Amino acid sequence: MGLFDFLKKKPAPEEQADLEEALEKGLEKTKEGFISKMGRAVLGKSKVDDDVLDELEEILLTSDVGVATTLKIIERIERRVERDKFVSTEELDQVLREEVAALLDENKSYDIENAFAEPKQKPYVIMVVGVNGVGKTTTIGKLASQFHQNGLKVVLGAADTFRAAAVDQLKLWGERVGIPVIDHGMNTDPASVAFDTVKKAVDMEADIVIIDTAGRLHTKVNLMTELSKMKRVVQKFIPEAPHEVLLVLDGSTGQNAFIQAQEFTKATEVTALAITKLDGTAKGGVVIGISDQFKIPVKYIGVGEKVSDLQVFNKTTFVDSLFAKK
């Protein structure tokens, strides 16, 4: 089963409009800094020259696109300038927009209409990883809520058993949404929680299973062992599970999110990314850089506090919002 091989359900026009409005608002800080700096970079110039490209490089770096991805974008624009012989500063926005969209295309960032629709294989098991503090448990709660709103049966597993707050927070989400949460309390075996969660899901013919995991990077070997054990016990019920390993990253941490992605991709096979807290930062370029550097599709982005502000990532809408001028 493919990562995004869910039944597609197109949002209603008014719902789509609300999502796009929330995205534009969530990217406001990134966009304001980006566009105002772009305006200063091309002020008084008619064509894209070395000085403009130097300014653009700095703008991309300060938006936390990352060094390697920034250099890649600059090189592509240089080739466009050389090929076309003349690129005006008025055209630069469009050229940059096209190159960013092309990068996201190459990096498997699919445009999907609704990742909260009914999966073809049930129960569809999502294992969620990420360091403490990135919004991992909140992301799980929002995912569960949106699946539930779409009429799907969801079961949550509180397998971050080393942090009481994570277990309690997940139980609160379960009570709020009205879905079962399997927990064994603090300092218990996470694999045992995962086992019982999937067993419960199979017994109740659930559609979706979401399992929280411990977010500790300082013991990477133990983390790898723990995640491997959890996968093995889940596979006793569903041999191909987990269907998705979702890494949650805090977009507001900029380059630190790159480091976290690097460490977790070494510890386990990550198949999708959720990048949260983009509304509180001017570092929204991190979405572009992380997607490019790790070749892992961004599936969700967080652009606000509401449940619906955890959005399915759509590269076209994202790029349009990022470059939209008021």
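I count a charge as sitting over a ring if NZ of Lys or CZ of Arg is within 6 Å of the ring centre and within 35 degrees of the ring normal. With that rule I looked at R176, and its charged end sits over the ring of W173, 4.4 Å from the centre.

**Basis.** I am working on a predicted model, where local features need pLDDT of at least 70, side-chain atom pairs count only at pLDDT 80 or more, and totals for chains, interfaces and linings use all residues. Residues are numbered from 1 along each chain as its sequence is written, and side-chain values use heavy atoms, with hydrogens and water left out.

**Whole chain.** I find 12 helices and 8 strands; helices (H or I, at least four residues) and strands (E, at least two) are DSSP runs, numbered from the N terminus. Of the 326 residues, 53% count as buried. I take buried as under 20% relative accessible area, exposed as over 50%, and partly exposed as in between (1.4 Å probe, protein chains only). For contacts I use heavy atoms within 4.5 Å. Among contacts in the chain with a separation of 6 or more, 79% are between residues 24 or more positions apart.

**Helix α4.** I checked the length of α4, residues 67-84: its 18 residues should span 26 Å at 1.5 Å a residue, and the end C-alpha atoms are 26 Å apart, which agrees. The expected span is 1.5 Å times one less than the number of residues. I list T69, T70, I73, I74, R76, I77, R80 and V81 as its buried residues. They cover an arc of only 160° around the axis, so they lie on the same side of α4; the arc is that of the directions from the helix axis to the C-beta atoms. I note that an α-helix has 3.6 residues a turn, so residues three or four places apart point the same way. On the other side of α4, I find V67, R79, E82 and R83 exposed. The buried residues pack against α3 (50-62), α5 (89-106) and α11 (286-294). Just after α4, K85 has a positive phi of about 70°.

I then took T69 of α4 by itself. T69 has 0% relative accessibility and therefore counts as buried. With neighbours within four places in sequence left aside, T69 is in contact with L103, I288, G289, D292 and Q293.

**Helix α8.** I get 14 residues (190-203) and a reach of 20 Å from first to last C-alpha, close to the 20 Å expected. Buried here are P190, A191, V193, A194, T197, V198 and A201. Their arc is only 155° around the axis, which puts them on the same side of α8. At the start of α8, a side-chain oxygen of D189 comes to within 3.2 Å of the backbone nitrogen of A191. Just after α8, E205 takes a positive phi of about 55°.

**Aromatic pairs.** I count 2 in the structure, with rings of Phe, Tyr and Trp (its six-membered ring) pairing if their centres lie within 6.5 Å; planes under 30 degrees apart are stacked, over 60 edge-to-face, and the rest tilted. One of them is F195 with F237, whose ring centres are 4.9 Å apart with planes at 55°, so the pair is tilted. F195 is in α8 and F237 in the loop between α9 (220-234) and β5 (244-250), 42 residues apart. I find F195 partly exposed at 29% relative accessible area, and F237 partly exposed at 30%.

**Helix α1.** I looked up E20 in α1, residues 13-26. E20 is partly exposed, with a relative accessible area of 34%. E20 and S321 are 301 residues apart in sequence, yet their C-alpha atoms are 7.9 Å apart.

Terms used
A polar contact is a pair of N or O atoms within 3.5 Å; within protein, one must be able to donate a hydrogen and the other to accept it, and residues adjacent in sequence count only if both atoms are side-chain atoms.
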